[in-house]
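Let's take a walk through a protein model together.

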Amino acid sequence: MGRKVTLATCSLNQWALDFDGNLTRILKSIEVAKSRGAKYRLGPELEICGYGCADHFYESDTLLHSFEVLRKLLESPITQDIICDVGMPIMHHNVRYICRVLFLNRRILLIRPKMVMANCGLHREMRWFSPWNQLRLVEEYFLPRMIQEVTGQDTVPFGDCVLSTKDTCIGSEICQELWSPRSPHIQMSLDGVEIFTNSSASHHELRKADQRVNLIKSATAKCGGIYLYSNQRGCDGDRVYYDGCAMVAINGDVVVQGAQFSLNDVEVITATLDLEDVRSYRGERCHPHMENEPKPCHRVKVDFSLSTGDDIYLPTHQPITWNYHTPEEEISLGPASWLWDYLRRSGQGGFLLPLSGGVDSSSTACIVHSMCVQICQAVQDNNSQVLEDVRRVTGDASYYPQDPRELCGRLFTTCYMSSENSSVDTCTRAKELAHQIGSTHMNINIDMAVKGILGIFSVVTGKWPQFRVNGGSPRENLALQNVQARVRMVLAYLFAQLSLWARGKPGGLLVLGSANVDESLTGYFTKYDCSSADINPIGGISKTDLKSFLLYCVEQFQLTALKGVLSAPPTAELEPLTDGQVSQTDEADMGMTYSELSVIGRLRKMSKCGPFSMFCKLIHMWRDALSPAEVAQKVKHFFRMYSVNRHKMTTVTPAYHAESYSPDDNRFDLRPFLYNTRWTWQFRCIDDQVGRKHRWTVECTVMCQQFN
């Protein structure tokens, strides 16, 4: 009958500037797509060079090598008899564009540039690229000589165009265009385009997956049609993790779902769908001829069919219910996959973590354990790439990981760094957790190093600082806490560099950080202390979510030691104990709870609130618990802490991006790091409103008394 089409889309773990590896993964995905009968293959955004090249996009080498890879693809017999849709940067009229290149049988069919740029949050596409903002305009693009030699073409269509095969019409969207209020799929569908493709490099954030799914379902529910979504996966060299979720939808329903988190470098999903279902759907709901379109889509015709003449017995895919991960599962899987990519691509031999027995460092440890669980499962599922990588990392060519605890012992070293201010409880909790996850654990006492440093200070100045409980000033108290924290950082790096050497093994260890997003927000950590590390898997996750994650780990991994971690009050343990018990707690030091910080953090970043507007919102949000004067005190205290400590974010450890209110200064949250910490004008506005509220309350009370 010639109306059923088999289409393929994929998630690829590409790596910025890894042209050899990227080419191999692209070819593998095309090979898998063909083996499943697909006639069209879609890949992620900028898959040839990798999405995260950043300022390397300015380099002519990046453009040159991308075309060299394209030539290899055109020449490969694997790419024959299937329409291949690949992503790469291209310069046209001396302007750089993010492009899709569609080719078939050694001939380029069209080049479609991106029209809506991602230029907010983590994304800076306008720094390197320009949008193609000429609707329906198509120009001639002169191909480089190396491509002409393969295709025999001098020029190809470049611009806002669609591909017309003998049996259907295909239109491209690129990542951000789906999120735009003027998405191209709307106009394309009204002009008869039946298949839409979207190539993305969309990063993971907690609770974000449903936004993509809803947008794609909505697009095809409104307009009818088939929608293919492709996304990058993995860590391509930066703070983000691209979380896959390739999918195919038709007429408002998802029919195939790819994995969100996986250690597979190449995942291909295919769907067989009936074009008549699109036409029937549109026949009742859409009337394109009634729309006043200014100009039809420019169609590039190709003598090729996606369907065959005899397909009556070919089954089609039916709607499915999308399986969403819980936030706890996302924390377990996303940062763990990111850590594995970072480890295997860094050339190091494992991780080292200062394990304090608190929620934060325990969360980092659990994420590493989850990584080991995923590695063992991938090897069990015959993932040869993971097996090859783990053998290379461990330095054992015959190693076959089966037990996550045993693997954890090879890859993960933890150390409890005690001082005279440390409690027996935290030491015990750290030791028990290390035993349950299987890490190589050490106890290190730092008192000798701390006293040595203070001794140097005393020799020079003739003074010995004291803690507050011993009569010292606040400056002395803070300095004594900081020297402990900084000694821990120095020792962490020393043991990371030499631990494997001491065991007679090659390589070094990556130091893991464990400061959560809320502590980064207020600067509740010592600059250059043990929170300073190579990478931090929890730096974008709130304390509230980390506690929920640890509860999940108790059940999922049977890590019963975490129950004690969760029941203990968060503490830095940098001040002297009182009768052997912890007297210092994080929330008391910060002057607010972690749940309050989470709300404030979202208002500051996501709602774009300064001190006054934050006060205006919080007096209603917290009206059942706090008076306006108390809210004012909280807001002013937060902004004092934030502005005094903002300089710490310039040196913060690169962290996994997981929250839309992250304070990361390097990529996401671009703000000054030298403030007028008195906020005189802003705080005066708040005080005026508190005073007005007080006067209004007094007047109402007087009136009520007079009335009575």
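The paragraphs below move from strands to sheets, then to salt bridges and a surface patch.

This is a predicted model, in which local features need pLDDT of at least 70 and side-chain atom pairs count only at pLDDT 80 or more, while totals for chains, interfaces and linings use all residues. Residues are numbered from 1 along each chain as its sequence is written, and side-chain values use heavy atoms, with hydrogens and water left out.

Let's begin with an annotation. An unreviewed UniProt entry gives residues 5-275 the label "domain: CN hydrolase"; such annotations are placed in the numbering used here, with feature names shortened, and may be inferred rather than shown by experiment. The span 5-275 is 25% helix and 34% strand, and its end C-alpha atoms lie 7 Å apart. Helices (H or I, at least four residues) and strands (E, at least two) are DSSP runs, numbered from the N terminus.

Now find strand 9, at residues 169-174. Is strand 9 mostly covered or uncovered? Six of its six residues are buried, where buried means under 20% relative accessible area, exposed means over 50%, and partly exposed is in between, using a 1.4 Å probe and protein chains only. Turn the view and you can check both faces: Cys169, Gly171 and Glu173 sit on one side, Ile170, Ser172 and Ile174 on the other, and all are buried.

Which strands pair with strand 9? Strands of a sheet pair through backbone hydrogen bonds, either parallel or antiparallel. Two strands count as paired here if DSSP finds at least two bridges between them. Strand 8 (residues 161-164) pairs with strand 9 in the antiparallel sense over two bridges, and serine 164 stands opposite cysteine 169. A hairpin of four residues joins strand 8 to strand 9. Strand 10 (residues 195-200) pairs with strand 9 in the parallel sense over five bridges, with glutamate 173 opposite asparagine 198. To get from strand 9 to strand 10, the chain crosses through helix 5 (residues 184-190), and this β-α-β crossover is right-handed. Right-handed means that, with the strands pointing away from the viewer, the path from the first strand over the helix to the second runs clockwise.

Strand 13, at residues 247-250, is covered on both faces too: Met247 and Ala249 on one side and Val248 and Ile250 on the other are all buried. Strand 13 pairs in the antiparallel sense with strand 11 (residues 226-234) over four bridges, and there isoleucine 226 has isoleucine 250 as its bridge partner. Strand 13 also pairs with strand 14 (residues 253-257), again antiparallel and over four bridges; methionine 247 is partnered by glutamine 257. Two residues lie between strand 13 and strand 14 in their hairpin, and asparagine 251 in the turn has a positive phi of about 50°.

Strand 17 (residues 351-354) pairs with strand 20 over two bridges, and leucine 352 stands opposite valine 511.

Next come the charged side chains. Side chains of opposite charge can pair when their charged atoms come close. A salt bridge is a side-chain nitrogen of Lys or Arg within 4 Å of a carboxyl oxygen of Asp or Glu, and a search of the whole structure finds 37 of them. In one, arginine 344 meets aspartate 389, with the closest N and O atoms 2.7 Å apart. Arginine 344 lies in helix 8 (residues 327-346) and aspartate 389 in helix 10 (residues 384-394), so the pair ties together parts that are 45 residues apart in sequence. Arginine 344 is buried, at 8% relative accessible area, and aspartate 389 is buried at 4%.

Another salt bridge links lysine 543 and aspartate 360 (3.1 Å, N to O). Lysine 543 belongs to helix 16 (residues 543-556) and aspartate 360 to helix 9 (residues 359-380), so this pair ties together parts that are 183 residues apart in sequence.

Finish at the surface, where Ile456, Val459 and Val460 form a nonpolar patch with about 360 Å² of accessible area together. Accessible areas come from the Shrake-Rupley method with a 1.4 Å probe, and for residues only the protein chains shown count as cover. Patches are made of residues with over 30% relative accessible area and no salt bridge, joining like charges within 9 Å and nonpolar side chains (Val, Leu, Ile, Met, Phe, Trp, Tyr) within 5 Å. Valine 460 lies in helix 13 (residues 447-461) and counts as exposed because its relative accessibility is 67%.
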